[in-house]
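This briefing is intended to be read alongside the sequence and the coordinates. Please keep both at hand while going through the points.

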Amino acid sequence: MAQTRPKPPLPYRMRDIVLPGDAACPGCPIPMAWKVLAAVFREKMILVIPACCSSVVVGAYPGNSIKASVVHVAFASAAAVASGIAEALKKRGVNDVQVIAWAGDGGTADIGMASLSGAAERNHDMIYIMYDNEAYMNTGIQRSSSTPFGAWTTTTPIIGKTEHKKDVARIMIAHGVPYVATASIAYPHDFYAKLQKARRIRGFKFIHLHAPCPTGWRFDPKYTVEVAKLAVETGLWILYEYYDGKIRLSGPSRPYMDPAKRKPIEEYLKLQGRFKKITPEKIEEIKKYTEMYWDWIKRYM
Amino acid sequence: MVGQDLIIEPINYRVPLSRPKKGVAGKTGFWRTEKPVVDKEKCVKCWLCEIYCPVDVIRVEPETGPTIDYDYCKGCGVCSNVCPSGAITMVPEE
């Protein structure tokens with residue numbers, strides 16, 4: 001894999017916050033993303049985690065695998081509790097601590113949608129990060145509304161899901177919040193820059209983070225980063241930022257605006273066991289949907 | 001007194017809060033089936049393995065190159081996959 005040499009400050013800043021020995025599966029993208037959070041905020045963050053894989057990864061009493069404050073809450077209430085904490089910090093005059101609601105796609109797109117929509121409307125000063133592993137991985141790979149078209153889960157038909165993925169980032173843009181972005185765990189420098197931008201903005205910030213799950217997507221744990229990278233390189237996952245009423249494509253996604261430069265979608269699909277039963281007609285359908293998504297981005301750029 | 005029975009005394013009069021601790025799931029090194037081995041001659045010290053390591057066990061220093069804490073390394077192989085110079089190989093455990 002041809003890669004550019006990253007700048008050294010990032011690894012030094014991300015050390016010693018996410019502690020070794022957590023309960024995540026091998027190759028899990030969640031601690032990878034937490035390390036980037038640690039590089040931006042160090043200990044100065046309060047993570048609000050609803051029922052999801054992350055509440056398992058953090059670990060049970062008396063230990064805690066991340067050197068930051070963690071609040072475990074009920075499934076539907078991540079955004080509601082985080083907005084309460086944000087208001088309490090504001091009243092007490094604490095300005096240097098960032099409240100982060102960290103929820104999976106189930107806690108955001110399905111069950112937590114109502115409280116998320118409420119918090120976005122009230123515009124509380126917090127960052128909401130949705131890490132999207134495209135199914136309910138913690139309870140055993142059930143379908144969520146964020147599962148893509150044609151993917152297998154234990155509760156879809158054997159031929160794969162027959163509906164398209166719900167685009168939560170676009171729903172949040174419709175709420176008119178100050179900052180919305182998409183990120184990927186394969187591009188930590190891009191994610192870092194987006195978090196740095198989000199921390200300087202007062203108000204509700206939403207980041208949609210693409211996180212491939214080796215257990216649920218049925219691939220070898222060592223391909224976690226490669227699969228995330230291929231999703232961007234095939235144009236299926238688009239990295240962009242939205243602020244001041246305009247969409248700005250991020251660096252890693254910019255070359256793929258031209259369809260000729262994208263890698264074939266089959267390359268991304270064949271790495272994953274969940275797309276084993278996919279047919280050529282379904283691949284055509286995915287391509288058509290991706291093109292629609294790109295057209296929407298180009299319209300609002 | 002019915003009301004007082006419901007109040008649970010904290011153990012050793014400490015608030016029952018979780019504290020940051022290494023190894024909440026035990027020594028995760030026991031999960032490993034393959035072990036990453038670094039060839040320090042080939043290493044270009046690009047920090048990619050440290051950035052992507054999900055367990056935060058790799059430390060890359062400009063002088064010594066990468067060192068891996070095998071007590072907690074889960075052996076996922078992400079480091080060997082992202083390494084641009086092929087310096088990390090996965091060796092099966094005995």
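The points below concern a predicted model and are grouped by topic.

**Chain A overall**

- Chain A contains twelve helices and nine strands.
- With a radius of gyration of 18 Å, close to the 19 Å that the globule rule gives for 301 residues, chain A is as compact as a globular protein of that length.
- Taken along the principal axes, the box filled by the C-alpha atoms of chain A is roughly 60 × 40 × 40 Å.
- Buried residues make up 52% of the 301 residues of chain A.
- Among contacts in chain A with a separation of 6 or more, 70% are between residues 24 or more positions apart.

**Helices of chain A**

- Helix H10 of chain A spans residues 224–233, and nine of its ten residues are buried, so this helix is largely enclosed by the rest of the structure.
- The buried residues of H10(A) include the charged residues A:Glu226, A:Lys229 and A:Glu233, as well as A:Val225, A:Val227, A:Leu230 and A:Val232.
- A:Gly235, which follows H10(A), has a positive phi near 85°.
- Helix H4 (residues 78–92) and helix H6 (residues 113–122) of chain A pack at an angle of about 35°, and their axes are 7 Å apart.
- On the H4(A) side the contact is made by A:Ala78, A:Ala79, A:Ala80, A:Ala82 and A:Ser83, which meet A:Ser115, A:Leu116, A:Gly118, A:Ala119 and A:Arg122 of H6(A).
- By class, this contact of H4(A) with H6(A) comprises six nonpolar, three polar and one charged residues.

**Contact between chains A and B**

- Chain A and chain B each contribute 35 residues to the contact.
- On the side of chain A that touches chain B, at least two residues each come from helix H1 (9–13), helix H2 (29–41), strand E2 (63–64) and H10.
- That side of chain A divides into 21 nonpolar, eight polar and six charged residues.
- Strand E2(A) pairs with strand E1 (residues 19–20) of chain B in the parallel sense, over two bridges.
- Within this pairing, A:Gly63 stands opposite B:Arg19 of E1(B).

**A hairpin in chain B**

- Strands E3 (residues 58–61) and E4 (residues 65–68) of chain B run antiparallel and are joined by four bridges.
- Three residues lie between E3(B) and E4(B) in the hairpin that they form.
- In E3(B), B:Ile58 and B:Val60 form the covered face, whereas B:Arg59 and B:Glu61 form the uncovered one.

Note on methods: Residues numbered from 1 in each chain as written. Chains lettered and ligands numbered in written order. Predicted model: local features only at pLDDT ≥ 70, side-chain atom pairs only at ≥ 80, totals over all residues. Rg over C-alpha atoms; globule rule 2.2 N^0.38 Å. Buried ≥ 20, exposed ≤ 12 C-beta atoms within 10 Å, placed from the backbone. Contact = placed C-beta atoms within 7 Å. Pairing = 2+ DSSP bridges. Axes fitted to C-alpha atoms, helices over the stretch in contact; angles between N-to-C directions.
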